[in-house]
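Please read these notes with the sequence and the coordinates open beside them. They take the points one at a time.

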Amino acid sequence: VEDRTAAEAICGRYVGAPRAELPPIGADEYYWADLVGLDVVSLAGVRLGEVAELIETGANDVLRVVDGERERLLPFVEQVVRSVDLKERVIRVDWDAEW
């Protein structure tokens, strides 16, 4: 997009880029698209659900985890998210299943 007028013309539309064109990420960094669909499991081994989406907030990003009709919003912060394993497709969290 070369100028403001061109940017205004695409306002409200989704913009994408080919995966090969995305910049490399560092250790412990993830593209949101890679996290959607991953299983979320507590440190106690309880499956909490699947990442349905991520929500950007002013303080931190939030995982929206859905298991059937139950929905949980987990902050994507180091104190909660203990590990992300893209190969195993699982996120391990310090989160009680009753919360």
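This is a predicted model: local features need pLDDT of at least 70, side-chain atom pairs count only at pLDDT 80 or more; totals for chains, interfaces and linings use all residues.

The points below cover strand pairing, salt bridges, an aromatic pair and a surface patch.

1. Strands S1 and S2. Strand S1 covers residues 39–42 and strand S2 residues 47–56; the two pair in the antiparallel sense over 3 bridges. Val-40 stands opposite Gly-49 in S2. The hairpin of S1 and S2 has 4 residues between the strands, and in it Gly-45 takes a positive phi near 90 degrees.

2. Strands S2 and S3. S2 is also joined to strand S3 (residues 61–67), by 6 bridges, and these strands run antiparallel. Asp-61 in S3 is the bridge partner of Glu-56.

3. Salt bridge between helix H2 and a loop. The count of salt bridges comes to 7. In one of them, Asp-34 pairs with Arg-19, with the closest N and O atoms 2.7 Å apart. Asp-34 lies in helix H2 and Arg-19 in the loop between H1 and H2, so this pair ties together parts that are 15 residues apart in sequence. Arg-19 has a relative accessible area of 49% and is partly exposed.

4. Salt bridges of Arg-64. Glu-53 forms a salt bridge with Arg-64, and the closest N and O atoms are 2.7 Å apart. This pair links distant parts of the chain, with Glu-53 in strand S2 and Arg-64 in strand S3, 11 residues apart. Both side chains are partly exposed: Glu-53 has a relative accessible area of 32% and Arg-64 one of 21%. Arg-64 also meets Glu-71 in a salt bridge, at 2.7 Å from N to O. Glu-71, at 46% relative accessibility, counts as partly exposed.

5. Aromatic pair. How many aromatic pairs are there? The count comes to 1. The ring centres of Trp-95 and Trp-99 are 5.3 Å apart and their planes stand at 85 degrees, so the pair is edge-to-face. Is Trp-95 buried or exposed? At 19% relative accessibility, Trp-95 counts as buried, because the cut-off for buried is under 20%. Trp-99 is exposed, with a relative accessible area of 56%.

6. Nonpolar surface patch. Val-1, Ile-10 and Val-15 form a nonpolar patch on the surface, and together they have about 310 Å² of accessible area. Ile-10 lies in the loop between helix H1 (4–9) and helix H2 (32–35). Ile-10 counts as partly exposed, at 33% relative accessibility.

Technical notes:
Residues are numbered from 1 along each chain as its sequence is written. Side-chain values use heavy atoms; hydrogens and water are left out. Two strands pair if DSSP finds at least two bridges between them. Patches are made of residues with over 30% relative accessible area and no salt bridge: like charges are joined within 9 Å, nonpolar side chains (Val, Leu, Ile, Met, Phe, Trp, Tyr) within 5 Å. Accessible areas come from the Shrake-Rupley method with a 1.4 Å probe; for residues, only the protein chains shown count as cover. A salt bridge is a side-chain nitrogen of Lys or Arg within 4 Å of a carboxyl oxygen of Asp or Glu. Buried means under 20% relative accessible area, exposed over 50%, partly exposed in between (1.4 Å probe, protein chains only). Rings of Phe, Tyr and Trp (its six-membered ring) pair if their centres lie within 6.5 Å; planes under 30 degrees apart count as stacked, over 60 as edge-to-face and the rest as tilted.
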